[in-house]
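Here is a quick tour of one model, starting with its pockets and ending with a few single residues. Keep the viewer open while you read.

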Amino acid sequence: MAKAAPAEQLRLLDVAALDSEITKLTHQIDVAKADAELAAAHTALTEARAAEAEVKQELDAAAAALKASELAVEKVASHIAKDQARINSNSGTATDLMALSHEIDSLTVRRNELEDNELELMGTLEEVQEQAAVVAAETAAKLSDHDQHLARRDAAVKALQDQLAKTTAARAELVGTFEESLINTYERLRTRNGVGAARLFHGTSEASGMALAPGDLSEIKAAAADDIVFCPDTGAILVRSTEW
């Protein structure tokens with residue numbers, strides 16, 4: 001049977017406590033990284049940006065429509081000006097001049113229609129511009145909220161990571177003080193079963209949380225104080241003390 005001084009076995013509980021703390025901190029870091037409030041803020045920001053992009057498309061379309069309307073008005077106005085210049089120069093036959101006059105009348109009606117449409121498009125553009133300003137403000141607010149949650153989450157994660165680093169360093173220092181065969185046994189059992197060592201407290205294995213069977217308990221009580229004994233359920237080293 002493997003042996004180790006009772007005091008050395010007792011010190012394994014300090015290693016186990018640090019391992020438990022490391023496991024807890026690692027879990028807390030995972031939970032902190034998955035921050036629900038940050039996730040909700042990220043979703044809200046994504047939705048706000050999508051809404052802003054949609055309004056931006058509407059804004060671009062409205063601006064393009066207005067630009068096209070303005071060009072159409074300019075084109076008709078230019079045509080009217082040319083026809084009027086020919087009439088003013090009195091070049092051409094009376095029939096030609098009459099035709100130009102009729103064309104100017106038709107173009108004037110067309111220009112008026114285009115100008116009315118241009119006014120409507122200007123109104124539409126102004127409405128979309130106002131909507132764009134609203135959604136831009138909403139996006140800015142969502143971004144600010146998101147960044148605040150991100151900063152809070154990152155600070156929480158960093159604090160936990162710092163604590164984890166300190167605990168890991170303390171464990172490494174403590175492990176270095178053990179006799180190699182004992183700590184290797186502990187590490188092997190912890191890797192295999194999740195628990196390397198635990199107390200045998202009033203007949204109950206704290207590795208399994210179960211009371212030992214009378215036969216198992218008798219065997220352990222009969223073992224020498226420096227014998228290394230194991231939990232029959234988990235295989236972990238059971239640390240004994242006469243005070244327990």
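## The largest pocket

Nineteen is the count to start from: 19 residues line the largest pocket, and L200, V239, R240, S241 and T242 lie nearest its centre. A pocket here is an open set of points on a 1 Å grid over the protein atoms alone, where a 1.4 Å probe fits, with protein on both sides within 12 Å along at least five of seven lines; lining residues have an atom within 4 Å of a point. The elements giving two or more residues to this lining are α1 (6-33), β1 and α5 (214-222). Helices (H or I, at least four residues) and strands (E, at least two) are DSSP runs, numbered from the N terminus.

The model is predicted: local features need pLDDT of at least 70 and side-chain atom pairs count only at pLDDT 80 or more, while totals for chains, interfaces and linings use all residues. Residues are numbered from 1 along each chain as its sequence is written, and side-chain values use heavy atoms, with hydrogens and water left out.

As for volume, the largest pocket comes to about 390 Å³, counted as the space filled by probe spheres set on the grid points, which are joined across faces, edges and corners. Helix α1 gives the largest share of the lining, 4 residues. By type, the lining of the largest pocket has 12 nonpolar, 5 polar and 2 charged residues.

Now for the strands. Five of them make an open, mixed sheet in the order β3-β2-β1-β5-β4. Since β3 (210-211) and β4 (229-230) sit at the edges with a single partner strand each, one side of each is left without a neighbour in the sheet. Helix α4 (residues 180-193) packs on the sheet and touches β1 (197-201), β4 and β5 (237-239), its direction making about 115° with that of β5. Contact means heavy atoms within 4.5 Å; axes are lines fitted to C-alpha atoms, for helices over the stretch in contact, and angles run from 0 to 180 degrees between N-to-C directions.

Two strands pair if DSSP finds at least two bridges between them. β1 and β5 are parallel over 3 bridges, with L238 in β5 as the bridge partner of A198. β1 and β2 run antiparallel over 2 bridges, and F201 stands opposite T204 in β2. Their hairpin has 2 residues between the strands, and H202 takes a positive phi near 50° there.

A16 lies in helix α1 and has a relative accessible area of 16%, so it is buried (under 20%; exposed is over 50%, partly exposed in between, with a 1.4 Å probe and protein chains only). Beyond four places in sequence, A16 is in contact with Y186 and A197.

T185, in helix α4, is buried too, at 15%. Leaving out residues up to four places away in sequence, T185 touches F230 and I237.

Technical notes
Nonpolar A, V, L, I, M, F, W, Y, C, P; charged D, E, K, R; others polar.
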